Amino acid sequence: QVFNDYSFIENAGKKMIVFASGTENKVAIVDLTSGTADISYVTFSEGPVSSYRERRQVEWSVGTNYVWVDGADADEVYVIDVMSKSLVNTISNVETTRILSVDNHARNVQQGIMQEYIQSMITADREANPPKIIQETTTIVQEAEKGEPTTVSAQSAATTTGNDENDDNDIDIVGIIGLVLGAVALVVGTMNLAFLSKMNNKPKGSGAASPGDDEEVTLGSKDVA
């Protein structure tokens, strides 16, 4: 085998070198991640050798798991996944002179700056408005570091927080109901006072009511003269 082109790959924690053969339709993938060379071979075409004059190009698509290998004599390009060590696509009717991988570094820098800005905003917001569960957990950790006995856990702290919120809601509802009942009691009491006052102001007769009287004083179902 004659390997006349190669490509370095560093992606997803892996460090590899891919060698393209000019005399066979094959690439060698050398994994150097562990410090020891682990070599795998991938055959990308079963037909005649597709290299042009035993020359072949291989290029890593930066930031992906793929390398592109040309088959200039067959007007083909082969896409190989170096992680799964397999051929994933064959592009036909493509004349290749030089394979290049182009990376937009300006866009990458802008995206990195934006990610850092977003992360800083999130961090600042958390520091300014820390969740109660974080405060309680921090207190528990501090007490544990001081050697003070504690049996409270983050889960129980979260449960306590939730129960406190429910209790606050219950208190609000009970207060509203009590206010309404108090208002009703006040109205009923006022009506009773008015009724008793009216009865006390009535003139007292000495006998039965006269036939001409239009009003009768009643108490329950009994007539009172």
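Q: In which loop is Ser 51 found?
A: This is a predicted model, so keep that in mind as you read. Strand β4 covers 38-43 and β5 covers 58-60. Ser 51 is found in the loop between β4 and β5.

Q: Is Ser 51 buried or exposed?
A: The cut-off for buried is under 20% relative accessible area. Ser 51 has 7%, so this residue counts as buried.

Q: Which backbone oxygen does the side chain of Ser 51 reach?
A: Setting aside residues up to four places away in sequence, Ser 51 touches Gly 22, Arg 56 and Asp 73. One of these supplies the backbone oxygen, at 2.6 Å from the Ser 51 side chain. That's the oxygen of Gly 22.

Q: With which side chain does the side chain of Asn 25 make a polar contact?
A: Beyond its neighbours within four places in sequence, Asn 25 is in contact with several residues, including Val 42, Phe 44, Gly 47 and Arg 56. A polar atom of its side chain lies 3.2 Å from the Gly 47 oxygen, but that one is a backbone atom. The side-chain partner, at 3.1 Å, is Arg 56.

Q: How many helices and strands are there in the protein chain?
A: Read along the sequence, the pattern is β-β-β-β-β-β-β-β-α-α-α-β-β. The tally is three helices and ten strands.

Note on methods:
Residues are numbered from 1 along each chain as its sequence is written. This is a predicted model: local features need pLDDT of at least 70, side-chain atom pairs count only at pLDDT 80 or more; totals for chains, interfaces and linings use all residues. Side-chain values use heavy atoms; hydrogens and water are left out. A polar contact is a pair of N or O atoms within 3.5 Å; within protein, one must be able to donate a hydrogen and the other to accept it, and residues adjacent in sequence count only if both atoms are side-chain atoms. Contact means heavy atoms within 4.5 Å. Helices (H or I, at least four residues) and strands (E, at least two) are DSSP runs, numbered from the N terminus. Buried means under 20% relative accessible area, exposed over 50%, partly exposed in between (1.4 Å probe, protein chains only).
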